[in-house]
Amino acid sequence: MESAGRSRVGIPQPPGVQEQPDSAAAQPPRSLGAGAAPDAAMGDSAQEEQSLLLAAAYVYDAQYNRNIPFDTSPRAVRLYYLYNHWTMQAATYFFIFVDLALALFEEPAVYLLPFLVTSLTEVLCLLVFFGRLFHFAQVTPRDVFWKDTKNICIMITILMTLVDLIVFGALRISSIRGVRWSRPLRPIFLINFAESRQIRRAFRSIRNTLPEITYVFLLFMFSVLMFSLMALKLFGDRNLKTVEGLPYFSNYLEIVFDMYVLVTTANSPDVMMPAYDFSWWYCLFFIVYVIINTYIFMSVFLAVVYNNYRKHLKNEIRKLAYMKRRKMIEAFNLLKAKEEAEFVVKEDRWKRLVKLVAPDISTSHRELLLRICDEEQKGFVDKKSFVRLADLLNIQVITMKLHSHPLEVWIPHVYNSAPSLLIRKMVRHKVFVWMYDVIILINAVFIALDEENPLISYAEWVFLSLYIAEILLKLYTYEPRTFFARNQFWNWFDTSIIVAALVATVLNTTLKSVTVYNSQQVLDIVFILRVLRLIRIIDSIQRFRVIMTTLINIVPTMLTFGGLALVVYYVFSIIGMEIFHGKVQFFAANSTVQHALYCGNPALKDTTFARAKYCKNNFNDIASSFVVLMELTVVNQWHVLASGFALVTHEAAKLYFITFHIVVVIMIINIFIAFILEAFFVEYSLEKSEVETAIEKKIQELGVGIQEDELLEGQLIDNMETSENDLGGEEGAATKKKPKGLMFKVASKRYRTVDALLQRMFEAEIPPEEEGPSLEQILNLSPDDTYLKNPTFNSAA
C-alpha cells in the first residue's frame, strides 16, 4: 500500500478558538439574520450560484473557526474568498516579517543598511498593510469596520509610523540625533490582522487574567516590602559588608531589589551569607521569606493564572461551538429544499458545496464524505448530518493506494517461494523489532567509549552494516512506495540517518588517510548522526511514544505562545536598545584596548558583571538584545545583568528588568505552563482512553477501498478493507490477497489541539436539533453566564 497523499481541505492553518469582535459594537455578518437571501431580482441560476457561494463561505468559516463579519453581496462574498486565500495571507505574513526584520538593519544594527533603504522598505510594508486593511473594508459592513478596534489600531499605527519616519528623516538631514519611537509598535501588525486570532487570544488570556493576578501581586509586593523593612532594621546597623566590600542592607530600595531577586532564587544563597556568617539564627529569616514568597506566592500566581486561563478558554470554546453551529445552520438554510416532511440539502447541491469548500480532495474522498452524511443513500443530506460537515472536512484523511511489491511482479516465483515467505515472516515478527532495539542500546554503549580504540572504530562498521541490512530487509518485505509513504516518518528518519552516517563515516575514514587535511568537522557530524540513531528507540517503547506523540500534537498550538513571546521580546528589545545601546562593549579575548577588562565602561570596573565577562550580553543590536532577554527569562544571574546596566545608566534602569520579569516570567510563562498542563492532561488521557468522535468512528467503519477510475457518479465501489494496513500487520498478511484501489484512513485517533478536543466535547453536549442562544447572546457570553437550555459544559472543565 502506498500513501498517495493526505486530503486536507482548504488553507492548512491549525484550527483554534475563533476570533471575537474586539469591540462590543461589532456586529455579525448581515446574512446571519434577516436579509441573508440574495436579491430577488437576480435570475434563478445567478441566485442559486450566489446562495452556494455564500453557504460555502459559512462552511469555510465554520471549518477554520473564523468569525469575520462580512457583507453578503455577490461582490463582497467574492472579495471575502480572495481575502482568505492562502497567497494573500502568506503575503501579509511575509511583509509583517520584513517589517519586523528591519530592526536587524537599522541603527543599532547587526548589518547596517542606509536609512533610505530601510525607510523605503518600511513604507512599502505600510502600503501593503494599508492595502490589506482596505481589502478588509470592502468585505466588512462599514459600520462594523469602523467600530472594530483592530482596524483602528492598524490605521493609527500606520499613521504614527509615517509621522515618525518623516520626523526622524528630517532630523537626520539636519544632523540632529533622533529616536525611532514607532519601532516598538511594529508587532501591532502581527497582533491585529484577522489572521492572527490565536495570538490575540493569548493576549486576551493575559488581559482577562490581569484583574485576578493584580490582587495577588499587590499582596506579594506588600510581603516583599514588609520583609525588606524588617531586613533593614535587623541588619542595617550591624556594619555588615557584602563580598564586594559594600554596605550590607543599608539602603531600603536596594534591599527591596535584592529581596525581589531572592524570590527568583537567582542570588541565593549569596544574599544571605553576610547575615548568616554573623549569626546562625538569621538564616531563619531568609528561610521563612523564601517559603512564603517563592513557594507559596509563586504557586498562588500559577494557580490564579491556571484557573482564569481554563475559565476563559471554556468560555471562548463555548462561543466557538455555538457560532459554528449557527454558521452551519445558516448555510443549510441557504441550500435547503423540501423533501416530504423535512428540509434537506439535495445530493447534487451538497457535492457542489463540498467542491467549492474543498476543491483539492479527490472524487473518492468526496463520495466517502457523502456516504457518511447520507448513510442510507437517500439522495439528500438532512440538517443533523449537514451541521457536522465542517468537522468532517477538518478530519485529516490519508488516501492509501494498494500496490504489489515490484519483486512480486518481476519474479513472482522467487518472491513467493518458501524461503522468501520465511524471511518476510521473520521481519514482520515483533522479535525482529526487539532485536534491533537491543542492537541500538549496545550501539549506545559503544558510542560512549573511546573513539581512538581500533576495536571501537571497527565496531561502528558492524553496527552500520546491521542497520543497512535492516533497511534492506524491510524494503524486501514491504512495498517500497508504502515503506516511504509520507506518513511513515520513522522509516524516513531511520533511512536518512543511516545513509547520512554511512556517507559521513566513509568520508571521515578517507580524510583520515590525508594527513594534511583536518577532518574534525566531518568527525563531529559522524558523532551527531550516531547519537541521533538512538532517537528511534522512542518509537519502540509504547509509553515513550505516547509522551512524544502528546508533545508533537500540542506543538501547533504552542506556536501561538512563540508568537506571543516574539511580540514581547521585540518590544523589550527595541526599548532596551534605545536605553542601553553602546553602554556595554564587547572586546575579543586578545584585545589590548584599555577598557576591555570592564566592557568599555569605567562604571563596570571591578564589578561582578565585568568579572563574569558578561560584556557580550548587551543591547547593541536586536540579536544581542534577544539573547539577553532569553537569559533574563531563564532567571539565573538576571540580577547581575540588571545591576550592571543600572551602573552604566541609572538605578531606575532596574525597573526595566523587573518589568520584564513580571510580564514574561510571572505572567506569560505561567500562562504557558497552564496551557501545557491543560494540553498534556487532555492529550495524555485521550491517548490512554482512545476517545474518538462519532465521525472518526464512522470513517474507520467505512475504511473502504475505492477504485477511483471505476467510480461512477453518485456511486461508491465497496472494496471493504477493515484492517489498519500498517506496516507491522499480521504475520500472514504477506500471503493475503489484497484488493485493488484506494483505501481511506483517519490520520490520527487523537485530536491535534486541545481546542479541537474541548470544542468536540462541548458540541457533544449540545442537542443536534438545538440552535443554541441568539447571536447577540453568543457574542456577549461571559465565563459566568450559562445558557439554560443547554448543558453547563462541566465535563470539559
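Tutor: Let's settle on V635, which is buried in this predicted model, because its relative accessible area of 12% falls under the 20% cut-off. V635 sits in the loop between α27 (622-634) and α28. Its backbone deserves a look too: phi is positive, about 85°, although V635 is not a glycine. As background, most residues other than glycine have a negative phi, and most peptide bonds are trans.

You will find C599 in the loop between α25 (542-580) and α26. With a relative accessibility of 0%, C599 counts as buried. As for peptide bonds, the one that joins S268 and P269 is cis, with omega about 5°, and P269 belongs to the loop between α9 and α10. Another cis bond runs from E107 to P108, where omega is near -10°. P108 is placed in the loop between α3 (86-101) and α4.

Consider W638. Leaving aside neighbours within four places in sequence, W638 is in contact with F257, Y260, V261, T264, A266, L632, F657 and I658. W638 is also among the residues with the most contacts inside the largest nonpolar core, together with F235, F286, W350, L353 and F386. That core has 144 residues, and helix α11 (residues 283-335) gives the most to it, with 18 residues. Apart from it lies another core, of 12 residues, with V427, F432, F483 and I498 among them. In general terms, nonpolar side chains tend to be buried together in soluble globular proteins.

Helix α28 takes part in something else as well: it gives the most residues, five, to the lining of the second largest pocket. This pocket has a volume of about 960 Å³. Of the 30 residues that line it, T242, E244, L246, D258 and S643 are the closest to its centre. Sorted by class, the lining holds 13 nonpolar, 10 polar and seven charged residues.

N151 lies in helix α6 (residues 149-173) and is buried, with a relative accessible area of 3%. Not counting residues up to four places away in sequence, N151 touches L133, F136 and F145. V499, in helix α22 (residues 489-512), is partly exposed, because its relative accessible area of 45% lies between the 20% and 50% cut-offs. The C-alpha atom of V499 is separated by 8.2 Å from that of I468, and these two residues are 31 apart along the chain.

Stepping back to the whole protein, there are 32 helices and eight strands. Buried residues make up 49% of the 797 residues. Of the contacts between residues at least 6 apart in sequence, 76% join residues at least 24 apart.

Finally, a word on confidence. The mean pLDDT of the protein is 78, and 75% of its residues reach 70 or more. Among the elements, helix α4 (residues 115-139) has the highest mean pLDDT, 95, while strand β7 (residues 719-720) has the lowest, 30. Over residues 1-42 pLDDT stays under 50, and the model has 143 contacts beyond four places in sequence for them. Residues 787-797 also stay under 50, with 29 such contacts in the model. Where pLDDT is low, the predicted coordinates should not be read in detail.

Methods:
Residues are numbered from 1 along each chain as its sequence is written. This is a predicted model: local features need pLDDT of at least 70, side-chain atom pairs count only at pLDDT 80 or more; totals for chains, interfaces and linings use all residues. Side-chain values use heavy atoms; hydrogens and water are left out. A nonpolar core is a set of buried Ala, Val, Leu, Ile, Met, Phe, Trp, Tyr and Cys residues joined through side-chain atoms within 4.5 Å. Buried means under 20% relative accessible area, exposed over 50%, partly exposed in between (1.4 Å probe, protein chains only). Helices (H or I, at least four residues) and strands (E, at least two) are DSSP runs, numbered from the N terminus. Contact means heavy atoms within 4.5 Å. On a 1 Å grid over the protein atoms alone, a cavity is a set of points where a 1.4 Å probe fits but cannot get out, and a pocket is an open set with protein on both sides within 12 Å along at least five of seven lines; lining residues have an atom within 4 Å of a point. Grid points are joined across faces, edges and corners, and a volume is the space filled by probe spheres set on the points. Ala, Val, Leu, Ile, Met, Phe, Trp, Tyr, Cys and Pro count as nonpolar, Asp, Glu, Lys and Arg as charged, and the others, Gly among them, as polar. pLDDT is the predictor's confidence in each residue, from 0 to 100.
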